[in-house]
Amino acid sequence: MNREGEKIKINLFKLSHSILISGLSSIYLYSPNTIIKNLIFFISSSYFTFDTKLILNRENIDYPILYHHIISLFLLFWFYIDYYGEVLIYLYTLGELSNIPIYTTYHLRKTSPNMELILCSNIIQTIVYGYIRIYCFTDFIIKNTHLIYTSLTPLIVIYLMGWVWFYTLCKQIYEERITIRYIILDTYNILTQN
């Protein structure tokens with residue numbers, strides 16, 4: 001398999017993890033039980049360990065993502081031993097939900113010739129990511145500032161990484177604004193002709 005095909009396969013693996021864990025953790029939020037807790041912990045810790053190994057085997061190591069994965073492994077362990085478990089599973093659910101549109105857009109960029117679909121997916125990913133990682137996380141931090149003084153402090157770095165990624169997504173939308181404008185105008189013209 002070529003390098004591009006390998007990236008697509010890994011992206012689908014990441015998408016599958018986000019969908020599965022979003023579902024399991026959402027169920028856990030409403031009906032906590034040991035079986036689902038164990039599934040979340042073992043599936044996600046296996047995922048982050050596997051992905052960390054992939055990162056470390058690359059020629060150029062992505063240190064922010066490596067940090068993210070190591071902190072995520074610690075946070076999963078803390079969730080597992082019920083150290084701020086409700087807080088962590090709530091934030092983890094939000095984080096994984098916000099990843100679904102990102103992996104979907106990446107897949108479309110690599111496999112679809114339909115530029116309109118890719119742009120639409122890009123806009124949706126930016127809106128969803130911004131709402132979850134910026135609005136929901138900020139709201140949570142404001143309402144729970146006492147957590148800054150606990151060992152959950154590394155979450156702040158992950159939160160700030162979310163801001164950087166959101167800026168990158170907004171920049172992509174800004175750079176594609178002319179294409180987006182023409183698609184909207186073309187669609188409007190087609191709809192008004194009927």
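Tutor: Among the contacts in the protein with a separation of 6 or more, 73% join residues 24 or more positions apart, a contact being heavy atoms within 4.5 Å. This is a predicted model, in which local features need pLDDT of at least 70 and side-chain atom pairs count only at pLDDT 80 or more, while totals for chains, interfaces and linings use all residues. Residues are numbered from 1 along each chain as its sequence is written, and side-chain values use heavy atoms, with hydrogens and water left out.

The protein has seven helices and zero strands, where helices (H or I, at least four residues) and strands (E, at least two) are DSSP runs numbered from the N terminus. Its C-alpha atoms fill a box of roughly 60 × 45 × 30 Å along the principal axes. Of its 194 residues, 40% count as buried; with a 1.4 Å probe and protein chains only, buried means under 20% relative accessible area, exposed over 50%, and partly exposed in between.

The part to look at is the loop between helix H3 (63-80) and helix H4 (85-111), where Asp82 lies. Asp82 has a positive phi of about 65 degrees although it is not a glycine, and Tyr84, found in that loop between H3 and H4, likewise is not a glycine but has a positive phi, of about 55 degrees. Most residues other than glycine have a negative phi. As for solvent, Asp82 is exposed because its relative accessible area is 52%, whereas Tyr84, at 31%, is therefore partly exposed.

Tyr84 also belongs to a nonpolar patch on the surface, together with Phe77, Ile81 and Tyr83, and the four have about 350 Å² of accessible area together. Such areas come from the Shrake-Rupley method with a 1.4 Å probe, and for residues only the protein chains shown count as cover. Patches are made of residues with over 30% relative accessible area and no salt bridge, with like charges joined within 9 Å and nonpolar side chains (Val, Leu, Ile, Met, Phe, Trp, Tyr) within 5 Å; a salt bridge is a side-chain nitrogen of Lys or Arg within 4 Å of a carboxyl oxygen of Asp or Glu.

For the surface as a whole, the accessible area of the protein comes to about 11800 Å², of which 66% belongs to carbon and sulfur atoms.
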